[in-house]
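Please keep the sequence and the 3D view open while you read.

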Amino acid sequence: MLPDCKPAGPPTAEQGPADGRPTIAVVGGKPKITQKAHELGLSVVYIQNPDEYDRAHWPYVDQALLVDYADTERVLPMVRSLHQSFPFQAVISLWELGLLPAAKIDNELGLGGNSLETVEMLLDKSRMRRHLNARGVSPVAAEVGRTEEDLRAFVAANGLPVVVKPIDEAGSIGVFAVRDESDVAPVVERFHALGKQLDAKDLAGDLDRFLMEEYLEGPELSVETLSFEGRHVLVATTDKVSTEAGFIETGHSQPSRHPEPLLREVEELVVEFLDVVGLRHGPAHTEVKLTCRGPAIIESHNRVGGDRISDLTEIAYGIDMDRYALAAPFGLLEPLRRSPAPVAGSAIRFLTPPPGRVTEVTGVEEVADDPALYDLVVSVRPGDEIPPLSWSDSRAGHVIAKGGTAEEAIAHCERLLAAVRIHVEPVT
Ligand SMILES: Nc1ncnc2c1ncn2[C@@H]1O[C@H](COP(=O)(O)OP(=O)(O)O)[C@@H](O)[C@H]1O
Ligand SMILES: [Mg+2]
């Protein structure tokens, strides 16, 4: 009998480039993604914004299309003609703003990746909720609103607390808790003000409407999965810590420290969820709350987790999610048969100094040689202004540490984080 999962195999002469390498199109993302694709033996067609393409990409990119790829109406005809001269067999994005363009390109050229409908649903939190609620999977009261009256009506129908958030953004932009009746007006006002404060380039859509959801109380974790022709394999579980006020992630650690039976429940839910939304290929990053009613889905993306979660997964489970994502369409890596067992612990903690002007950064040399340190990034310099912590991009850097277990990694990470000091003075 023929196996039901057939790797794409080597390209035929008319499919591949002159040197016979199979070709992948990559939309957006960091240079390391093109590097990994190149190292897998793939020829790389890279679709990137002109201002995000530089020398770092050159050694790994065979053909670049530099264009504002979010403008898919313009991009699709260009990609169609690009595909005629540089045919590619798969298109992938591991970067939030590239997911929709990649899905549209895939759909247009019939490359056999995840359906456009699935990708659109994962990007639209309201559509995803309706889809799940209609099927009784992780039901959560949710509605779209525009005005204070809409929010009042939702609170009257569902009680307090509730969450107000954008329908299609990321990075915890504009996520607010309404805990009290008196929060209703200020939350709506602050939500609408955001659309004016932020650069449209950083936003996926307009901030004129918001999603209102019942507040899911409980600890939060996220789950990394890889799907192989509709078969989902849980790769990593990650405990998350966030600020209470703005839901901004301040840290992650792997493997999750929740008890095994609870993690099995989470796995069952996530697998059911991925089936219900129709995801069939590649990575997904799914966020889950452990409520007293059981695990509930917050949201999911068909990409690897942000916040360097992929690095945590590599340390804790020895799995490079990017490589699997890039290799899978070409059958270059054996599909995972089962979840990997953790081999270590990993943790990231973010630098969140108080608002002000940076006068000095100390402690960097002190931690540089620490054996537990995996990476330290300080993204501010003396003279920079630290804004109030309002979304992920207002964090000032991070420390990643490893240990024998998650507990050990967290302890190292917090020790190293405390040693790096960002000194600030008030801005006058
Ligand atoms: N219904 C909810 N109940 C409780 N917390 C929520 C809810 N929705 C979102 N959150 C919190 O806000 C964070 C950000 O929301 P999310 O939908 O994941 O937005 P983003 O796309 O910006 O990550 C979540 O990780 C979670 O901590
Ligand atoms: Mg999220």
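Helices here are DSSP runs of H or I with at least four residues, strands are runs of E with at least two, and both are numbered from the N terminus. H3 has 14 residues, which at 1.5 Å a residue should span 20 Å; the end C-alpha atoms lie 21 Å apart, so the two values agree. The expected span is 1.5 Å times one less than the number of residues.

Which residues of H3 are buried? They are Glu96, Gly98, Leu99, Pro101, Ala102, Ala103, Ile105, Asp106 and Leu109. Buried means under 20% relative accessible area, exposed means over 50%, and partly exposed lies in between, with a 1.4 Å probe and protein chains only. The cover over these residues includes strands E1 (23–27), E2 (43–48), E4 (90–92) and E13, plus helices H2 (72–85) and H4 (116–123).

## Ala102 in focus

Ala102 sits in helix H3. Its relative accessibility is 5%, so Ala102 counts as buried. Leaving out residues up to four places away in sequence, Ala102 touches Val27, Val91, Ile92 and Ser93. Contact means heavy atoms within 4.5 Å. Gly294 is 192 residues from Ala102 in sequence and 34 Å away in space, C-alpha to C-alpha.

## The magnesium site

Glu287 and Glu299 coordinate the magnesium ion (ligand 2) through OE atoms, at 1.9 to 2.1 Å. The pair links distant parts of the chain: Glu287 belongs to strand E12 (residues 282–291) and Glu299 to strand E13 (residues 294–301), 12 residues apart. Both glutamates are buried. Donors are N, O and S atoms within 2.8 Å of the metal (3.2 Å for Na, K and Ca); water is not among the atoms, so sites may look incomplete.

## Strand E6 and its partners

Strand E6 (residues 162–165) points Val162 and Val164 one way, and Val163 and Lys165 the other. All four are buried. E6 pairs antiparallel with strand E7 (residues 176–178) over three bridges. Val178 in E7 is the bridge partner of Val162. E6 also runs antiparallel to strand E8 (residues 210–214), joined by four bridges. There, Met212 stands opposite Val164. Two strands pair if DSSP finds at least two bridges between them.

## Helix H9

Helix H9 (residues 309–317) is mostly covered, with eight of its nine residues buried. Among them are Ile309, Leu312, Ile315 and Tyr317. Just after H9, Gly318 takes a positive phi of about 70 degrees.

## Cysteines and domains

The structure has zero disulfides (a disulfide is a pair of cysteine sulfur atoms within 2.5 Å). Cys292 is exposed, at 84% relative accessible area. Cys413 is buried, at 0%.

The domain assignment gives domain 1 (23–113), domain 2 (141–214) and domain 3 (220–425). Such bounds come from an automatic or database domain assignment. The centres of domain 1 and domain 2, taken over C-alpha atoms, are 34 Å apart.

## Conventions

Residues are numbered from 1 along each chain as its sequence is written, while chains are lettered from A and ligands numbered from 1 in the order in which they are written. In this predicted model, local features need pLDDT of at least 70, side-chain atom pairs count only at pLDDT 80 or more, and totals for chains, interfaces and linings use all residues; side-chain values use heavy atoms, with hydrogens and water left out.
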